[in-house]
Amino acid sequence: MAKAPFVAQWVQAGADIFQWGRKAAYWKGKKGWWASRQDVEGIKGPFRTPGAAQKWAEEPFREQHRQARQKLQDEAQQALEGRKAKRAAQQAREAELAREREARDLLTWKGLPAEARKVEPGQVWAMRDPRFEQHQILVVEVKKTIAVVLARDARSTPWKGLAREPRTLTHLPRLYRLAGTAKVPGLPKT
């Protein structure tokens, strides 16, 4: 209703008499044009032109229409601002999460740049949990999704003579942090 332009349904009820249902009417009287409208006692006039009489008769209805239209526009504007604020908050959250993830990755990968973050033979990884950081693994071989490693429970234990164990590649950065590098035992000298 409020999106459409204001239109009054005027009907000619007789010679020089115009009526808009029970809402308003205007007509030609002695000395000029006269008008009446809903919620106003008596009649108003004389007006010089029929347009002026019609305008006075329609005035409160035009105002109601304008207010309804303004209300719709305000609601639409508020909805738009709400969506913008929500999106801005979401982007700020995503940026904060990305910063936290990058800080965590820097700690995990011992400051390596993103393109160099790859599990490779010769890397020594220590448990993230400080209570178990003595537990270390040495990457011996990297297959598609598995890393073959040597695991020790203390730094004093030598790598040589330990049994090979499999570790899932994606689990390494989650459970361990990069501690350094070491020579893989059993590999020929290069």
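**Reading a model, feature by feature**

Mentor: Let's start in a loop: Asp-39 is found between strand 4 and strand 5. Strands here are DSSP runs of E with at least two residues, helices are runs of H or I with at least four, and both are numbered from the N terminus. Keep in mind that this is a predicted model, where local features need pLDDT of at least 70, side-chain atom pairs count only at pLDDT 80 or more, and totals for chains, interfaces and linings use all residues. Residues are numbered from 1 along each chain as its sequence is written, and side-chain values use heavy atoms, with hydrogens and water left out.

Trainee: What is phi of Asp-39 near?

Mentor: Most residues other than glycine have a negative phi, and most peptide bonds are trans. Asp-39 has a positive phi, near 70°. Asp-16, also not a glycine, has a positive phi of about 60°, and sits in the loop between strand 1 (11-14) and strand 2.

Trainee: Is Asp-39 buried or exposed?

Mentor: Buried means under 20% relative accessible area, exposed over 50%, and partly exposed in between (1.4 Å probe, protein chains only). Asp-39 counts as exposed at 79%, while Asp-16 is partly exposed at 38%.

Trainee: Which residues does the cis peptide bond join?

Mentor: Gly-45 and Pro-46, with omega at about -5°. Pro-46 belongs to strand 5 (residues 44-47).

Trainee: Stepping back, what pattern does the chain follow?

Mentor: Along the sequence you get β-β-β-β-β-α-β-β-β-β-α-β, which comes to 2 helices and 10 strands. The radius of gyration is 42 Å, well over the 16 Å that the globule rule gives for 190 residues, so the chain is more spread out than a compact globule. That radius is taken over C-alpha atoms, and the rule is 2.2 Å times the number of residues to the power 0.38. The C-alpha atoms fill a box of roughly 120 × 30 × 25 Å along the principal axes. As one example of separation, the C-alpha atoms of Gln-19 and His-135 are 94 Å apart.

Trainee: How many residues does the largest nonpolar core have?

Mentor: A nonpolar core is a set of buried Ala, Val, Leu, Ile, Met, Phe, Trp, Tyr and Cys residues joined through side-chain atoms within 4.5 Å. The largest has 14 residues, and those with the most contacts inside it include Trp-10, Trp-20, Trp-33 and Phe-47. Strand 2 (17-20), strand 3 (24-29), strand 4 (32-37) and helix 1 (50-108) each supply at least two residues of this core. Helix 1 gives the most, with 4 residues. A second, separate core of 12 residues includes Val-119, Trp-125, Ala-147 and Tyr-176.

Trainee: Which residues is Trp-10 in contact with?

Mentor: Contact means heavy atoms within 4.5 Å. Leaving aside neighbours within four places in sequence, the partners of Trp-10 include Trp-20, Tyr-26, Gln-19 and Glu-58.

Trainee: Where does Glu-58 lie?

Mentor: In helix 1. Glu-58 is buried, with a relative accessible area of 3%. With neighbours within four places in sequence again left out, Glu-58 is in contact with Phe-6, Ala-8, Trp-10 and Trp-20.

Trainee: What about Gln-19, buried or partly exposed?

Mentor: Gln-19, in strand 2, is partly exposed at 36%. Not counting residues up to four places away in sequence, Gln-19 touches Gln-9, Trp-10, Val-11, Ala-13, Ala-24 and Ala-25.
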